[in-house]
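Work through the exercises below with the model open in a viewer. Try each task before reading its solution.

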Amino acid sequence: MTSRIPRDSRLRLVRPRPLAAAPRAMNQRRPRRPAPRPPEGTPARPQLAGMARSGLADAVRVARWADAALGPGSDFGTADGKATLSDATAERAGRELGLTTAQIRTDWDTARLAGLVEVHGDRARPGWRLRAWDRDDSAVLRGWVALFDAWSLAHPEPAGHEPAAVAEVVTAMPQVLSFLQLSAGPVPVAQLLDLLQQRVTELRTERCEVPYGPRPEPAPQQPCDDASLAPLLDWALHALAGVGALTCADGQATLTPLGSWAVWVKLEQICVAAQSPAGNIERSAEDMLRGCAQLRPNAARAEYRAWLAARPVGSAVTELLTAARGADALLRGLAFEALRVVGAPAEPDVRAVLDEPTLRPYALLWLAEHEGTDPEDAHEALTRHEATWLWVDTAAAVADHGEAPLLVRHLESAVQPTVPALLEEVRAVGHPRTVQVLVALAAAHPDPALARAVRRAAFQVHTGGS
């Protein structure tokens, strides 16, 4: 009689998948939310993409010139860490493209903000959107929305205004844009100024802190001064006009079809999050991620975007990384999915966690994808040890939140070709959840012999034996 314990059980291999594959597989039972329809009269996506291509044509031209003239991965920028064009490069581009140096710099900045050029420290290279520009309408629209979101950077504020006042106007402008979108037509600038004044007054009132103990009667909140807000509103409207979101003439402002669509998309994102059972948009990063764990990938990404839109990028990234450091491996994977939505602004913080063993594999995958590697091939950025650690972490997420068949199928994503090799490397990797993962896998696997081998490995890890 021969032993039933497999000596060289072959695994049916598939491409290794990131942790995100676990929640995706667990979420397939949730009914699909009907896709919301944009307001009547909104052009079709191909038409909107055509408008975006037209508006960004000059930026695309400069980005492609840099790609061809300087080569992918070349040092396009100066050493100041801002990836601004050097004087010599800007002058050369101007000569070859027939533009002034000022136009070249403006178009270069627009290309950066639209993701046509990606900045990494003091280096820049062509972004994936530039590669997909002629064939992918979604890439084009995302690039335009990125520029729309950065309108205040694309057109810096006029000199002579307090930074706090400028920040208040930038914070208040989404409400102004929402009013324009709901109005579906020209709105007098004077009416927008009244709305801006009310919103800025609300922001100042919300910031008032009430001290404890006896205190004098507070002075009544002074309304905003139209004279101080008027030039800032004028700047904001012309900046938004500069990125193609609206038109402003004869004392009236009107959203363009692109601007109206973009505002509608953002309102829809916020509504999706606000209507979720947990009210994710108001919750902490950890609670938001838990609330998204049962959503389908597209719905989850919409909630990430809405949650991110409601807070400063820096603090949001910090919150997500804090959640990723917790004990729940599923939240770790979801946190990096949310960081993929953040994109380039999260890169410095993601690089900063490469020295943390718990986060390193996720950070390496994130950086590989961010730098243009196909997600299917991003696992090649990991060493064998890191890939095995990630496999165990993924299995821990599945064991905690998934079903037994999913844990069994997770074997398919192992980089090791055999069960014995997998068990040997899993034991050596030192993941704190190794024992629990192996016990859960042994309980779930239908093959008694393989389950027995896995259970023996779990016992050896637990006792420190060999």
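In the hairpin of E4 and E5, which residue takes a positive phi?

Solution. The model is predicted: local features need pLDDT of at least 70, side-chain atom pairs count only at pLDDT 80 or more, and totals for chains, interfaces and linings use all residues. Residues are numbered from 1 along each chain as its sequence is written, and side-chain values use heavy atoms, with hydrogens and water left out. Elements are DSSP runs numbered from the N terminus: helices are H or I with at least four residues, strands are E with at least two. Start with E4, residues 246–249, and E5, residues 252–255. They run antiparallel and are joined by four bridges. Strands count as paired if DSSP finds at least two bridges between them. Ala-249 stands opposite Gln-252 of E5. Two residues lie between the strands, and Asp-250 has the positive phi, near 55°.

**Exercise 1. Give the strand order of the open sheet and identify its edges.**

Solution. Three strands make up the sheet, in the order E3-E5-E4, with antiparallel pairing. E3 (187–188) and E4 are the edge strands, since each pairs on one side only. Two bridges link E3 to E5, again antiparallel. Pro-188 stands opposite Gln-252 in E5.

**Exercise 2. Where does helix H9 kink, and which of its residues are buried?**

Solution. First, check the length. H9 covers residues 163–183, 21 residues in total. From first C-alpha to last, H9 reaches 30 Å, close to the 30 Å expected at 1.5 Å a residue. The expected span is 1.5 Å times one less than the number of residues. Next, the bend, taken as the angle between axes fitted to the seven residues ending at a position and the seven starting there. A kink of about 35° lies at Ala-172, shortly before Pro-174.

Now the burial. Buried means under 20% relative accessible area, exposed over 50%, and partly exposed in between (1.4 Å probe, protein chains only). The buried residues of H9 include Ala-165, Val-169, Ala-172, Met-173 and Val-176. Leu-182, also in H9, is exposed, with a relative accessible area of 66%. Just after H9, Ala-184 takes a positive phi of about 55°.

**Exercise 3. How many aromatic pairs does a search of the whole structure find?**

Solution. Apply the cut-offs. Rings of Phe, Tyr and Trp (its six-membered ring) pair if their centres lie within 6.5 Å; planes under 30 degrees apart are stacked, over 60 edge-to-face, the rest tilted. The search finds three pairs. One is Trp-144 with Phe-148: stacked, 5.5 Å centre to centre, 10° between the planes. Both residues lie in helix H7 (residues 137–149), four residues apart, about one turn of the helix. Trp-144 is buried at 2% relative accessible area, and Phe-148 is buried at 4%. Another stacked pair is Phe-336 with Tyr-362, at 5.6 Å between centres and 25° between planes. Phe-336 belongs to H16 (residues 329–342) and Tyr-362 to H18 (residues 360–370), so this pair ties together parts 26 residues apart in sequence. Phe-336 and Tyr-362 are both buried.

**Exercise 4. Why is H16 described as largely enclosed by the rest of the structure?**

Solution. Count the buried residues. Twelve of the 14 in H16 are buried, so the rest of the structure largely encloses this helix. Among them are Arg-332, Phe-336, Glu-337 and Leu-339. H18 is mostly covered too, with nine of its eleven residues buried. Its buried residues include Tyr-362, Trp-366 and His-370.

**Exercise 5. How many residues does the largest nonpolar core have?**

Solution. A nonpolar core is a set of buried Ala, Val, Leu, Ile, Met, Phe, Trp, Tyr and Cys residues joined through side-chain atoms within 4.5 Å. The largest has 66 residues; Phe-336, Leu-339 and Trp-391 are among those with the most contacts inside it. Apart from it lies another core, of 63 residues, including Trp-65 and Val-140. Now take Leu-339, with contact meaning heavy atoms within 4.5 Å. Leaving aside neighbours within four places in sequence, its contacts include Val-317, Leu-320, Val-350 and Trp-366.
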